[in-house]
Number of protein chains: 2
Amino acid sequence: MPANTVMEHSGVLLNAPTVYPMKRYEQFADEIATLIRQGVLGPGERIPSVRQASRHHGISPSTVFQAYYLLENRGLITARARSGYFVREHARRLLDEPRVTLQPTDPAEVEVSELVFSVLGSLQDDRTVPFGSAFPSPELFPLSRLSISMTRGLRALSPQQVVADMTTGHTDLCRQIALRYMLGGIQLPMEELVITNGAMEGLNLALQCVTEPGDLVAIESPAFYASLQVLERLKLRAVEIPVHPREGIDLEVLAERLETLPIKACWFMSHLQNPIGASLSKERKQVLYQLLKQHQVPMLEDDVYAELYFGSTPPVPVKAFDDEGLVIHCSSFSKCLAPGYRVGWVAGGRYAQAISRLKLMTTISPSVPAQAAIADYLQHGGYDRHLRKLRHALEAQQGSMLAAADRYFPANTRITRPAGGYFLWVEFPEQVDSLRLFNTALDHGVSLAPGPIFSATQQFRHCVRLSYGHPWTPNSERGMETLGRLLSLF
Amino acid sequence: MPANTVMEHSGVLLNAPTVYPMKRYEQFADEIATLIRQGVLGPGERIPSVRQASRHHGISPSTVFQAYYLLENRGLITARARSGYFVREHARRLLDEPRVTLQPTDPAEVEVSELVFSVLGSLQDDRTVPFGSAFPSPELFPLSRLSISMTRGLRALSPQQVVADMTTGHTDLCRQIALRYMLGGIQLPMEELVITNGAMEGLNLALQCVTEPGDLVAIESPAFYASLQVLERLKLRAVEIPVHPREGIDLEVLAERLETLPIKACWFMSHLQNPIGASLSKERKQVLYQLLKQHQVPMLEDDVYAELYFGSTPPVPVKAFDDEGLVIHCSSFSKCLAPGYRVGWVAGGRYAQAISRLKLMTTISPSVPAQAAIADYLQHGGYDRHLRKLRHALEAQQGSMLAAADRYFPANTRITRPAGGYFLWVEFPEQVDSLRLFNTALDHGVSLAPGPIFSATQQFRHCVRLSYGHPWTPNSERGMETLGRLLSLF
C-alpha cells in the first residue's frame, strides 16, 4: 500500500461526512421488504400488526412503527385506517423476469452510434413522457442546496487554487471522495484519484490507456449504449458476455472467453447494470476479480449507480478486492447528486498516472467551481440524508411502473425488478419490434430506449429499457397505457 | 447561409453586451504607440505636449490628456512633473528580434509528451518565479464578480435546463458568444457552436473528426506544445511550417507543402501565436484561407488569445473569410476571463455536428453552472471593461520584462515584442542549452519553458518562452537577474 493513504491526512477526519450506521428499524424494514420481494408476503396481504411484530422480534413498538413508515415511503406497504398495514398491490410480481436470450457471438466491430443519436435526439421534447431518459428527474436533486454550496465553495477558493486545482483536482473534493471509499472499507491512495468530467470522461480515458485500435474488449450484453459508442470510436472489437437479469454477468462465459481470446480489457457494471439492473453478489465479484488477476486483464468498473441501491446495505465494488491495481473504478455525482455539474472521478489503480496525463492533454480539468461546490456539499450539505430520500423515491416510482406494466402490457411480457437504480428492462413477445414501437410511441408522446441500442450485434429487438426516474404522475400512467395499446397492435 | 443565424433571435439584441466603438482618444493613443514601436519616437524622448498635439491633430486637450493617460497605463510613456511626457526607457527595442531559424523538415512522428510533462510538473511550486507558466496570474481576473454571476446564473437556471443544456450548451451562453462574433462581423449560425471544456477539448475533438491515425497535419514551428501532444496521442505526423516572429506563418512554405504532401488538416494560431507571439495580417489571413480552399483542407484556428491584443483594434480571425465551413474556430474564456471554469467553444463550420457528437460520446458537456455563470457575466459583468484593464496590465508587464531582458541578458540575445498576449520568445546565443538552463534556473527558483517542448523535431534548443502574465514585482526583477547570471555561465 503506497504511503500516502487518506488515513494519513489526519486533519481530514474532522470534516468526515455524517455516517449513518444501519439502524434497527432499517434492518427490520429490510427483512419485511425481502419477504415481500420473495413473495412470502403476497400483494394485498396484511403484514404483522405493530404489537405482534414488536413481541415476535423483541423490538420496541416505536421501532416497528418507524420500519413500517419507511416501507410506506418505499412504496411497498400501505396503511388502511383501523385495519393495519397491507402489502401494496403493485409490490407483487406478476410478470416474469426476462430470460437470458443472448447467444455468445463472435467478436464484433461496433456500429451503433447513428442509431443511438437518433434515439437520443428524439428525447429532447419536454412534453414527451420521458421513459427513454438516461437521467433521473432533476427535481429529485438538492439543486438549491447545491447553489448554496457553490457560493460557499467559491468563497473558500483562492485565486491560485482556481488554476492549481486544474492539475491535481480540488483538494477537498479528493479528500471527501477518498473518505467515502474509506467508509466503504477501501483504503485508496490519494494519487490514484483523477477528477474527471463525469464518469463518461473517466471511462473514455481509461479505455484509451489500456487498449490499441483493433483490440478486443469484453462488455456486457445488453450493454450501456455509450460503452458501445466508445468502442466504435476507438475502433475496438466487442466480446459480448451475457448478463443474467438478477445474477449479473455470466462468469462461466467470461472465464471461457478470457481463456480463448486475447481480451485486452473488460468494461463492466458490477452493480445495477444499465440497462438490465443486475448486481453481482459479493462472492461473484470476488470470483470475477480472481479471473482478471489470473489473466492480468484490467477492468473498467463503471459504478455510477453505486449510491442508488434500495434497502440499507451499500454494495461492495469489485475494486474492494483489487490488490494489484487492475480495477479502474469510475463513478460520478451526475446520477445521484448534481446532474450538469459534470464532476466524476476515476480510482485508476496502476493506470492512474497515465489516465491523469491523458486528461491533461485533452480537457485539462473539469470545472473547478463545480468541484468546489460539491466538496462543500459533501462536507455540509447532508449528502446521506439526500441519498436516502432519493432511494425511497426511486423505489416507490419503480413500484408504480411495475404495477402499470402489469395492468397494461401483454401477459407474456417479461420484466426486471432491480434492487436499485431507475431502469426496468422489458422483454416483449418475439413479434414486437422495439424500433417500430419506439417510433410510434414517440408519435404518441412517449419515449423509450429500444433494445438494439444496447447491443453491438443488434440483438434485443423485442426488448426496451424504461426509466422510472421521474416522479409518477397521471401522465406517466397514460404513457404506460399508450404503450400497452401500441403493443397490442403487433 | 443557414436560416437560423443570430440575427433572427430578435429578442437577443436587447441583452447585447455593451460595445465600445473605438473612441478618438484611443485612436490617438494607438497612433503614438505605433510611433514608439517603430522607433520614430525613441526611449527617453519627449512626446508632443498636450497643447501641441491638440493643435496639430485638431482634437481637444482633454482628448489628448485621455490618450496620454491611457499610454501611461499601457506602460509606454511616463509623466515627469513640470516637464511633460516622455517615452519610457524600456519602450525601446535594444535586443533584435529572433531570426527564422527553422529548416523545413520531413513529416515527423511526434514524441514530446514526456518532456512536456516533466516541464509542467516542475511549475507547481508557488514559490517559483512563474516565467514558465501557461496561464496569466489569476489575480488579473474578476473572480469575485464571476462568483456573483455564478449565484445569479444558478438562480436563473431551471432544474430541467441543468440536464437539457448538457446536450445543446447553455442557451444564453451560446447567444452571447454568437453575438460577440456578430459584433466582429461574423454571422454565425447557432448550430455551428459547440460549447467545450476549454479550447483544448474543442481542438482535440476537431482534430479527431478530420484525421485518421498516420495522417499528416501542418503545424507551426515553434508550436504550442499541447498541439504536439495531441498529434502524438492521435498518432498523426507533423509537417512543420516556420513562423516568422512578426509576420507569422510562412505562407510560401505552406503553399509548397500543401501542393506536394497529402496534408489532411492544419492547426494554426493566426493571432498572437504561442509561443512566438506573431499575428498574420488581415491580407495574409485571406491568402491563407484561399490556400485552404484551393486544397480543401480544414484548418483548426486556435484563437485563445483573441481578446489579448494591445491597442484598440480587435483582430479578424481567418474564420471571417470562411465561406465554405472549412475553418474550425476554437476559443475559450480560460485566458481572458475565467481560468478553471473550463468553458470554451468551437465554431465548427461543416464539421460542427461531428464535433458535437464526439463531445456527447466523450465528456457529454462542460459544467452547466460554469456556463450559466459566464453567460450572466457576459450580459451584466462588464466584460469589455475588464478586457481593457487586462490588456493594459499585460502591455505594461511586457514593458517591464523587455526592460529587464535588456538589462540582464547577453547583448546578442534576440527577443520578440508581440502586440499582445503574455509570452516572449527569446533566442539566446547558440551555445546556450535551454534544457540545462531550465534545470539550473529551477534550482534557483525560476521557471521557464525551454525551446524543445515547442518542436516536433526538438529544434530551438537555444530558445525559451518567458511569460509576463504575472504582475511585475521585485521578485520578477530578481528572477530575470538570476537568468542573466546563469546565462553568463554558458
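Chain A can be laid on chain B by a turn of 180 degrees and a shift of 0.0 Å along the axis, with an RMSD of 0.1 Å; the superposition is by least squares on the C-alpha atoms of residues with pLDDT of at least 70 in both. The two copies are thus related as by a two-fold rotation axis. They meet through the same surface, because 100% of the interface residues of chain A are also interface residues in chain B.

This is a predicted model, where local features need pLDDT of at least 70 and side-chain atom pairs count only at pLDDT 80 or more, while totals for chains, interfaces and linings use all residues. Residues are numbered from 1 along each chain as its sequence is written, chains are lettered from A in the order in which they are written, and side-chain values use heavy atoms, without hydrogens and water.

Next, the core. A nonpolar core here is a set of buried Ala, Val, Leu, Ile, Met, Phe, Trp, Tyr and Cys residues joined through side-chain atoms within 4.5 Å; buried means under 20% relative accessible area, exposed over 50%, partly exposed in between, with a 1.4 Å probe and protein chains only. The largest such core has 286 residues, and A:Leu207 and B:Leu207 have the most contacts inside it. Leaving aside neighbours within four places in sequence, A:Leu207 has contacts (heavy atoms within 4.5 Å) that include A:Val217, A:Trp267 and A:Leu300.

Last, helix H2 of chain A, residues 50-57. Helices are DSSP runs of H or I, at least four residues, and strands are runs of E, at least two, numbered from the N terminus. A:Val50, A:Ala53 and A:Ser54 are buried in H2(A). Those buried residues fall within an arc of 100 degrees seen down the axis, so they line one face of the helix; the arc is that of the directions from the helix axis to the C-beta atoms. On the other side, A:Arg51, A:Arg55 and A:His56 are exposed.
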